[in-house]
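Please read it beside the sequence and the model.

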Amino acid sequence: MAAVDTESARAPGGLAPVGAKDRIYNLDMLRGWAILGILAVNAISFAWPFQLTMSEAPPPGVLSQADLIGLWVTDVFFSDKMRTLFTMLFGVSVFLVGGERSDSDRGRLLRRRLLWLGLIGAIHGAVFWYGDILLHYAYCGLLLMLMRSWSARRLLWIGGSITLLWGLVATGGYWAMANLPPEFASKMQAGMPASDPAAIQAAIDLYRTGWPAGLLANLQTWATFQLMATPFLILVTVPLMMVGLGLFKSGYLSGRSPIWVYLLVILAGGANLAAFAWWGWQEAMAGEGADPTGGLAAAAGGMAPLITLFYASVLILITRFGLKALTAIFVPVGRMAFTNYLTQTLIMVTLYYAPWGPMWFGTHGPAEMWMVVGAVWLAQLIWSPLWLSVFSMGPLEWLWRCLTYGRMVPLLKR
């Protein structure tokens with residue numbers, strides 16, 4: 001997923017990136033939490049064919065107890081929640097870089113930043129991994145920049161209403177699908193994407209032949225995804241960006257809202273998460289095809305933004321009450337989010353289907369994928385502060401800023 005990593009400020013020589021002392025701690029902290037969590041969601045898209053992801057089926061074969069737990073953890077605690085948080089934070093970055101709409105200089109800077117992001121995203125998706133979202137964030141950002149001067153109230157009312165509507169549609173839709181009369185349910189199931197074992201094995205074999213076959217398969221999947229999913233995703237993404245910017249302008253993401261507001265969100269989001277975890281566990285343990293909760297598990301997962309705000313509120317309050325030591329580990333990861341996001345792709349592609357790697361594609365179950373995710377998390381938690389102890393920003397953040405500002409910007413710490 002895309003990273004929000006930079007802000008702009010006016011310097012004597014013109015616009016320039018802000019220094020480390022002017023960065024907003026909470027944004028970097030939340031961004032770090034999101035960039036780590038998003039890998040847990042994306043892992044299966046690196047390790048298994050696109051057809052399996054679309055059918056929302058588990059990997060073929062007999063799943064162990066550890067595999068079932070791995071799927072449950074990913075679905076309940078990470079899926080959709082991390083994408084939602086990333087999207088909200090990207091909405092904030094549009095304003096931090098572009099400023100008010102009346103500021104033409106920063107507006108031009110923002111457009112250049114987004115256009116370069118779109119180009120990087122197109123290369124990332126077409127060549128390396130079809131699941132790229134940088135290109136999508138780039139054109140959604142171009143839409144959001146038209147609304148970046150709206151008040152917090154207006155952003156929250158409009159963006160929040162649309163997001164709530166999508167959540168209610170998802171929640172109601174999941175419950176209704178699980179409670180259709182048998183004759184209608186069978187017809188609906190017949191029209192759903194199927195995880196045909198032969199098709200999945202053919203895709204695995206194709207990827208494992210290496211390049212160029214794997215490259216062409218990825219390119220085809222990426223192009224299909226762009227054509228099929230883009231219109232729907234815009235309607236989901238732009239409202240979430242509006243919510244994120246509204247929460248920032250209101251002071252919520254900076255930790256300045258009243259305590260009772262955070263506690264109310266924690267209560268509502270925590271209840272939603274607890275219900276989803278309990279019902280989801282029952283469903284996971286019941287086996288494939290069983291639905292012991294009558295659709296309640298899927299319905300509870302439909303309000304992912306509420307769980308996202310639960311996470312954000314907990315982390316913000318921990319920081320606000322003087323326990324920064326508990327959240328500080330995420331800050332360097334968040335400051336290098338662009339580098340860490342693309343590095344995750346490089347690592348996972350190398351491990352799963354690049355010709356120079358071990359070619360693990362189609363061989364790992366959910367439990368083994370979690371071992372890989374944990375190793376990448378540990379690496380990024382270690383290398384991010386080490387790099388930033390010498391340099392002022394991540395290497396790919398530096399490249400993106402140089403392209404955006406049209407000149408070389410300092411990389412070494414002064």
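## Helix 13

At 1.5 Å a residue, the 17 residues of helix 13 should span 24 Å, and the end C-alpha atoms of helix 13 are 24 Å apart, which agrees. Helices (H or I, at least four residues) and strands (E, at least two) are DSSP runs, numbered from the N terminus; the expected span of a helix is 1.5 Å times one less than its number of residues. Because 13 of the 17 residues are buried, helix 13 is largely enclosed by the rest of the structure. Buried means under 20% relative accessible area, exposed over 50%, and partly exposed in between (1.4 Å probe, protein chains only). Just after helix 13, G322 has a positive phi of about 80°.

## Basis of the values

The model is predicted: local features need pLDDT of at least 70 and side-chain atom pairs count only at pLDDT 80 or more, while totals for chains, interfaces and linings use all residues. Residues are numbered from 1 along each chain as its sequence is written, and side-chain values use heavy atoms, with hydrogens and water left out.

## Overall make-up

The protein has 18 helices and two strands. Of its 414 residues, 50% count as buried. Contact means heavy atoms within 4.5 Å; among contacts between residues at least 6 apart in sequence, 78% join residues at least 24 apart.

The protein exposes about 18300 Å², of which carbon and sulfur atoms supply 71%. Accessible areas come from the Shrake-Rupley method with a 1.4 Å probe, and for residues only the protein chains shown count as cover.

## Helix 11

The 28 residues of helix 11 (residues 259–286) should span 40 Å at 1.5 Å a residue, and this agrees with the end C-alpha atoms, which are 40 Å apart. Its buried residues include Y262, V265, G269, L273, F276 and G280. Among the elements that cover the buried residues of helix 11 are helix 3 (65–78), helix 4 (81–98), helix 12 (296–300) and helix 13 (304–320). G287 follows helix 11 and has a positive phi, near 100°.

## Nonpolar core

A nonpolar core is a set of buried Ala, Val, Leu, Ile, Met, Phe, Trp, Tyr and Cys residues joined through side-chain atoms within 4.5 Å. The largest has 101 residues, and those with the most contacts inside it are L30, L117, F248, L253, Y352 and Y353. Helix 1 (residues 25–47) gives the most to this core, with twelve residues.

Leaving aside neighbours within four places in sequence, L117 is in contact with F90, L134, Y137, A138, F338 and W400. Y353 lies in the loop between helix 16 and helix 17 (366–388) and is buried, with a relative accessible area of 2%. Y353 and F128 are 225 residues apart in sequence, yet 9.8 Å apart in space, C-alpha to C-alpha.

## T343 in helix 16

T343 is in helix 16 (residues 337–352) and counts as buried at 17% relative accessibility. Not counting residues up to four places away in sequence, T343 touches Q380 and W383.

## Surface patch

W116, L119, I123, V127 and F128 form a nonpolar patch on the surface, with about 400 Å² of accessible area together. Patches are made of residues with over 30% relative accessible area and no salt bridge, like charges being joined within 9 Å and nonpolar side chains (Val, Leu, Ile, Met, Phe, Trp, Tyr) within 5 Å. A salt bridge is a side-chain nitrogen of Lys or Arg within 4 Å of a carboxyl oxygen of Asp or Glu. V127 lies in helix 5 (residues 104–128) and is partly exposed, with a relative accessible area of 34%.
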